[in-house]
Amino acid sequence: MEEMKVDEKEALACCGSTQFAKQMALASPFPSLDHAVSAATDIWFNKVDVNGWLEAFAAHPQIGESPSPSSHTTSAQWSKGEQSTALATATDLGLQELSDWNARYRQKFGHVFLICAAGRSATEILAELTNRYWNRPIVELEIAAKEQMKITELRLRKLLSAKAEAVSTGSQYSKVVVSKAEERVSIIGQHLSASLEAFPGKAPQVQARSRPPITTHVLDVSRGSPAAGIEVRLEMWKGGEPCPLFGEMDRGGWVLQGCSTTDRDGRSGHLISMVDAVSPGVYRISFNTGKYCPVGFFPYVSIVFEIKESQKLEHFHVPLLLSPFSFTTYRGS
């Protein structure tokens, strides 16, 4: 099978971040479409910083607005197609509501409201917009990043499917090929837009891991920015009991798996070996929040979680949303 190439210009049309485009071009060519999507997911969530995220968001037109007639770029045409269902189902009043809420959203968060619009009606999008408006900025940034990855995957699949078909059938059938690719992308889009559980995007298990099976990301809610310089430790329970019991002493049953310090984007380095299958068991990830914020309420934060036998091939992302007097965590993938 011929390898699939993606140059910087093509990657930029899929995702408007120059960091992403350069990294994708360097990683190209790819042995398959799924490999390309897997690489894109890793680059977006692990190598592109927050500034790169915001640059990509800014490349999108506002939901409910078509690109200008003079815009003939690939990205603009894709945006038009992705919003076609919304535009076709919107009334004049609905478009005005979308415009008003978009303006409120941008004023609060500083960037365009981003959603994978493929297959979604104007009513669905407006409901999602009004619901997400009440999120904290740092939480909304994470959600927007997930939506951007959905859009990027749709566009990559569209780009590479069209390329593959063009090679096998000849350039004289390229228009037919693009039409077929768009039909496939529309179906994929409806499936992707049905869930927000893809952070940071679970790629098909077609290759060895490109990142450790357990990762974390710390965001400082009080500052609205990544939390850099926080010491992080990952431990695994090896005590006599199957798992540590609530209310009892640990009795030294935790064994260190790895430690690191968050970088300027709030992401830790490798906390565990790069293995295809993570060992099932109980893990504890701890953050030295007292050193990061000496006047805060928490001297440190520890989160205990269990990986089942059936989950050993999955990726586990444990982001921490931190302020001096509160914190929130959830399993990202």
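Colleague: Which side chain does the side chain of arginine 155 make a polar contact with?
Modeller: Glutamate 82, at 2.8 Å, side chain to side chain. Bear in mind that this is a predicted model.
Colleague: Where is the place of arginine 155?
Modeller: In helix H9, which covers residues 137–169.
Colleague: Is arginine 155 buried or exposed?
Modeller: Buried. Its relative accessible area is 2%, and the cut-off for buried is under 20%.
Colleague: What is arginine 155 in contact with, leaving aside neighbours within four places in sequence?
Modeller: Ala13, Cys14, His60, Ser75, Trp78, Ser79 and Glu82. Glu82 is the polar partner I mentioned.
Colleague: Switching topic. Which residues does UniProt list for "binding site"?
Modeller: The UniProt record gives His217, Arg267 and Tyr330. That entry is unreviewed.
Colleague: Take histidine 217. Which strand does it lie in?
Modeller: Strand S1, residues 214–220.
Colleague: Is histidine 217 buried or exposed?
Modeller: Buried, because its relative accessible area is 1% and buried means under 20%.
Colleague: What is histidine 217 in contact with, again leaving aside neighbours within four places in sequence?
Modeller: Trp53, Glu142, Asp265, Gly266, Arg267, His317, Val318, Pro319 and Leu320. Among them, Arg267 is also on the UniProt "binding site" list.
Colleague: Which side chain joins that of histidine 217 in a polar contact?
Modeller: Glutamate 142, at 3.5 Å.
Colleague: Now the helices. At what angle do H2 and H3 pack?
Modeller: About 140°, and their axes are 10 Å apart. H2 spans residues 18–27 and H3 spans residues 33–46. That makes H2 oblique to H3, because the antiparallel class needs an angle over 145 degrees.
Colleague: Is the crossing left-handed or right-handed?
Modeller: H2 passes H3 in a right-handed crossing.
Colleague: Which residues meet there?
Modeller: From H2, Phe20, Gln23 and Met24. From H3, Ala36, Ala39, Ala40, Ile43 and Trp44.
Colleague: Last one. Where is proline 29?
Modeller: In the loop between H2 and H3.
Colleague: What kind of peptide bond joins serine 28 and proline 29?
Modeller: A cis one, with omega at about 5°.

Conventions. Residues numbered from 1 in each chain as written. Predicted model: local features only at pLDDT ≥ 70, side-chain atom pairs only at ≥ 80, totals over all residues. Heavy atoms only, no water. UniProt positions renumbered as here; feature names shortened; annotations may be inferred. Helix = DSSP H or I, 4+ residues; strand = E, 2+ residues; numbered from the N terminus. Buried < 20%, exposed > 50% of the residue type's maximum accessible area, 1.4 Å probe, protein only. Contact = heavy atoms within 4.5 Å. Polar contact = N/O pair within 3.5 Å; in protein donor to acceptor, adjacent residues only side chain to side chain. Axes fitted to C-alpha atoms, helices over the stretch in contact; angles between N-to-C directions. Parallel < 35°, antiparallel > 145°, perpendicular 65-115°, else oblique. Left-handed = near helix turned anticlockwise from the far one by under 90°.
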